[in-house]
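Q: Could we go through the packing and the side-chain pairings in this one together?

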Amino acid sequence: MGQHQGQAECLDGSNRVVLDMDSSETPVHGEQEGSAYNGHFESVCYHPLFLFNSHGDCLAAKLRAGNVHSAEDWDEFLLPEIERQQAEGKQVAFRADAAFAKPEIYEALEERGVMYAIRIPANDSLERDIAELLTRPVGRPSHKPVVRYKSFLYQAASWKTARRVVAKVEFHVGELFPRVGFIVTNLSLPSRAVVRFYNKRGTAEQWIKEGKQATHWTRLSCHRFRANEARLQLSLLAYNLGNLWRRLVLPKRIDAPGR
């Protein structure tokens, strides 16, 4: 399957690839090996990890025990995929949510020349750096959200060096407090463009939802963990074949949403 995906990437003719990594919940309803209670999802489940490209192809996936951290084993297939793409002359960029806000990930990406945008959790130090943005605009509230951005250097206690952080602050009508988000990045784009680039990461969640609904990634009802690993990989094969067909074969008018 990886060979066919590589051929499809060549057809796209792009010298840049964007990789999105995300984890997901696969609830179980029995005594499956490796299943465990996950406090974040509040369920007994498996906790698989997925890696997508910007076309929705699932480049790698791993079934994991239900109680592992979201970023567990991130390097097992992210780093080989980066090396594969770079060997083909591609520029690589990476996006992930706050579960992957780990200094070892930043360092590994920087060592390989990979551009990244990763959400990081808010804390008192970060909010002090944007204190001037947190004051509600004076005058009559706008019906449209009031959005402010700021870019600054920040170094957490666990980081070996300072890194660029982009903050986005949104004031919405009827909401007492602003919505605040922080992204750590090595991109040199303007702050608004960095946020826009990061927000496209949400498509990975849609691809996971599509895989669950269309090819039944969640049907892992075998007792043995290895058997469920095989079932997940078969579902991914079906998903990728369908995605390649839709992207490379179907006419645009059929591929369009709602058709």
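The chat below turns to the cores, a strand, the salt bridges and the aromatic rings.

Q: Before we start, what kind of model is this?
A: This is a predicted model, and the values discussed here are computed from it.

Q: OK, how many residues does the largest nonpolar core have, and which have the most contacts inside it?
A: The largest nonpolar core has 38 residues, and those with the most contacts inside it are Leu 19, Met 21, Leu 78, Phe 94 and Leu 109. Helix α2, which spans residues 74-87, gives the most to this core, contributing 5 residues.

Q: And what does Leu 78 touch?
A: Leaving aside residues up to four places away in sequence, Leu 78 touches Leu 19, Met 21, Leu 51, Phe 94 and Leu 109.

Q: Which residues does the second core include?
A: The second core is separate and has 16 residues, among them Phe 52, Cys 58, Ala 204 and Leu 220.

Q: Switching to strands, how many residues of β11 are buried?
A: Strand β11, residues 179-185, is mostly covered, with 5 of its 7 residues buried.

Q: Which way do β8 and β10 run against it?
A: Strand β8 (residues 115-120) runs antiparallel to β11 and is joined to it by 4 bridges, with Ala 117 standing opposite Thr 185. Strand β10 (residues 163-171) also pairs with β11 in the antiparallel sense, over 7 bridges, and there Lys 168 stands opposite Gly 181.

Q: New topic: how many salt bridges does the structure hold?
A: The structure holds 16 salt bridges. One of them is formed by Asp 20 with Arg 95, whose closest N and O atoms are 2.8 Å apart.

Q: Why does that pair tie together separate parts of the chain?
A: Asp 20 lies in strand β1 (residues 16-23) and Arg 95 in strand β7 (residues 91-96), so the pair ties together parts that are 75 residues apart in sequence.

Q: Are those two buried or exposed?
A: Asp 20 and Arg 95 are both buried. Arg 95 also lies over the face of Phe 197, at 4.7 Å from the ring centre.

Q: What does Asp 73 pair with?
A: Asp 73 forms a salt bridge with Lys 62, the closest N and O atoms being 2.9 Å apart. Asp 73 sits in the loop between β6 (58-62) and α2, whereas Lys 62 is in strand β6, 11 residues apart. Asp 73 counts as partly exposed, at 24% relative accessibility.

Q: Which residues are linked in a network of salt bridges?
A: Asp 22, Arg 201 and Glu 205 are linked in such a network.

Q: Now the rings: how many aromatic pairs are there?
A: A search of the whole structure finds 9 aromatic pairs. In one of them, Phe 52 and Trp 207 are tilted, at 5.6 Å centre to centre and with 40 degrees between the planes. This pair links distant parts of the chain, with Phe 52 in strand β5 (residues 49-53) and Trp 207 in helix α6 (residues 202-214), 155 residues apart. Phe 52 and Trp 207 are both buried.

Q: Why is the pair of Trp 217 and Tyr 239 called edge-to-face?
A: The ring centres of Trp 217 and Tyr 239 are 5.4 Å apart and their planes are at 70 degrees, so the pair is edge-to-face. Trp 217 is in the loop between α6 and α7 (225-248), while Tyr 239 is in helix α7, 22 residues apart.

Q: Which residues do ring pairs link into a cluster?
A: Ring pairs link Phe 50, Phe 52, Trp 207, Trp 217 and Tyr 239 into a cluster.

How values were computed. Residues numbered from 1 in each chain as written. Predicted model: local features only at pLDDT ≥ 70, side-chain atom pairs only at ≥ 80, totals over all residues. Heavy atoms only, no water. Core = buried A, V, L, I, M, F, W, Y, C linked by side-chain atoms within 4.5 Å. Buried < 20%, exposed > 50% of the residue type's maximum accessible area, 1.4 Å probe, protein only. Helix = DSSP H or I, 4+ residues; strand = E, 2+ residues; numbered from the N terminus. Contact = heavy atoms within 4.5 Å. Pairing = 2+ DSSP bridges. Salt bridge = Lys/Arg side-chain N within 4 Å of Asp/Glu carboxyl O. Phe/Tyr/Trp six-rings, centres within 6.5 Å; stacked < 30°, edge-to-face > 60°. Lys NZ or Arg CZ within 6 Å of the ring centre and 35° of its normal.
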